[in-house]
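Please consult the sequence and the structure shown here while reading.

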Amino acid sequence: MQYTNRFTIIAVLLLSIFAVSTTAQEELEEQTILTTFIPNIQYAPIYVGIAQGLYEDAGYDVSVEYLEEPQVVDLVASNINQIGIVSGEQVIQAVAQDRPITYVYEWWQEFPIGIVYSDAIEVNSVEDLVDLRVGIPGPFGANYSGLIALLNSAELDISDLTVDSIGFAAPDVFCVGGVDASVVYANNEPLQITTRAENGDCGDVRGVNVLRIGEVLNLVSNGLITNQETLENNPELVQTFVSIWDESLQLSINNPARAYLLSAPYIEGLPLGPGLEEALINLAEETDEFLANNPTREDIAENRATQYDALSEQFDTETLLQFQVLIASIDFWDAEQLGFSDGEAWSNMQETLITLGLLDEAIDVETYFTNDFLPMTEE
């Protein structure tokens, strides 16, 4: 009887523990982060936050859904979903149509569009593009609005250029000589072209340069949005998601090797063979030790470059392409204060949309965004 009681007690305890664990899981609130494109290393901050358990610790069971930008706006504006990621252009057009959304965190601090061209060509200013044949996906999207904004800054018009619509095939068209330059996402496609050029698969091109539009003109890019109902009735949710995003983004910026490793389970086909995985683990651990000494932002940026250089001694450029995309993307994310929206960037984008005929008139740019949920920075 004594043993029976003991087994009974143990069984009850195990059931109690299981019940508590199950209840804890059931208490997690389901939330879906809506974004665009497909699973990609450029979304590392999302995966880092989930993999590190930051959302779960805050009481949320978070998933990711990939949609078209207008769908993200519709679902967030209608409060079917509370958090999404879209471009500043989408926010401006939606708010101008009285859609109840607000931009609460500027993820990409520099507009990521640029003009890629052979390093054999000299381009010192926007005006030098007039003599080139320029490829662009088409008269739509961030590529087109970025080009129009760039031309506006130099008082030029699209008619001043020879522009060809080439779809989303810039590396292919550029490398067969179909265009002299192309409007591209500067954190990605120039790397693809460079890899081809290094392998002798890009005609006479041996290297490329990029005119980054964000270095010429301040334009708002992708960030987190929510809706007015959530802002009014559940600001704690907004604050939690902004704070977690900020922490995940900072980790990605500081330690891209770890961010890559944490992202790998969420991205099908991301290169991560045994040799590369071991090298990244070692780099991530070395970087953790480096970060423990409170390095400056400049030192951290130098360390990122060192990470890639170390890997490039062991692996070819094709194997490292996605890691290089992450490093290049971080250059567009990093800032003295992460997440901060500048009214000038919104004003410049608003003027661009008016030029494109996508907006009838300018409104108060502070209608589009708020910085109220940004984590406090140390003085």
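## Terms and basis

Helices (H or I, at least four residues) and strands (E, at least two) are DSSP runs, numbered from the N terminus. The model is predicted, so local features need pLDDT of at least 70 and side-chain atom pairs count only at pLDDT 80 or more, while totals for chains, interfaces and linings use all residues. Residues are numbered from 1 along each chain as its sequence is written, and side-chain values use heavy atoms, without hydrogens and water.

## The open sheet

An open sheet with mixed pairing is built from five strands in the order β7-β6-β8-β5-β9; two strands pair if DSSP finds at least two bridges between them. The edges are β7 (162-165) and β9 (208-212); each has a single partner strand, so one side of each lacks a neighbour in the sheet. On average, neighbouring strands are turned by 30 degrees against each other, direction ignored.

Strand β5 (residues 113-118) runs antiparallel to β9 and is joined to β9 by five bridges. Y117 has N209 in β9 as its bridge partner.

## A helix across the sheet

Helix α6 (residues 141-153) lies across β5, β6 (133-136), β8 (181-185) and β9, where contact means heavy atoms within 4.5 Å. The helix runs at about 120 degrees to β8; axes are lines fitted to C-alpha atoms, for helices over the stretch in contact, and angles run from 0 to 180 degrees between N-to-C directions.

## Helices α11 and α12

The axes of α11 (residues 235-254) and α12 (residues 256-263) come within 5 Å and cross at roughly 120 degrees. The contact involves L251, S252, I253 and N254 of α11 and P256, A259 and L262 of α12.
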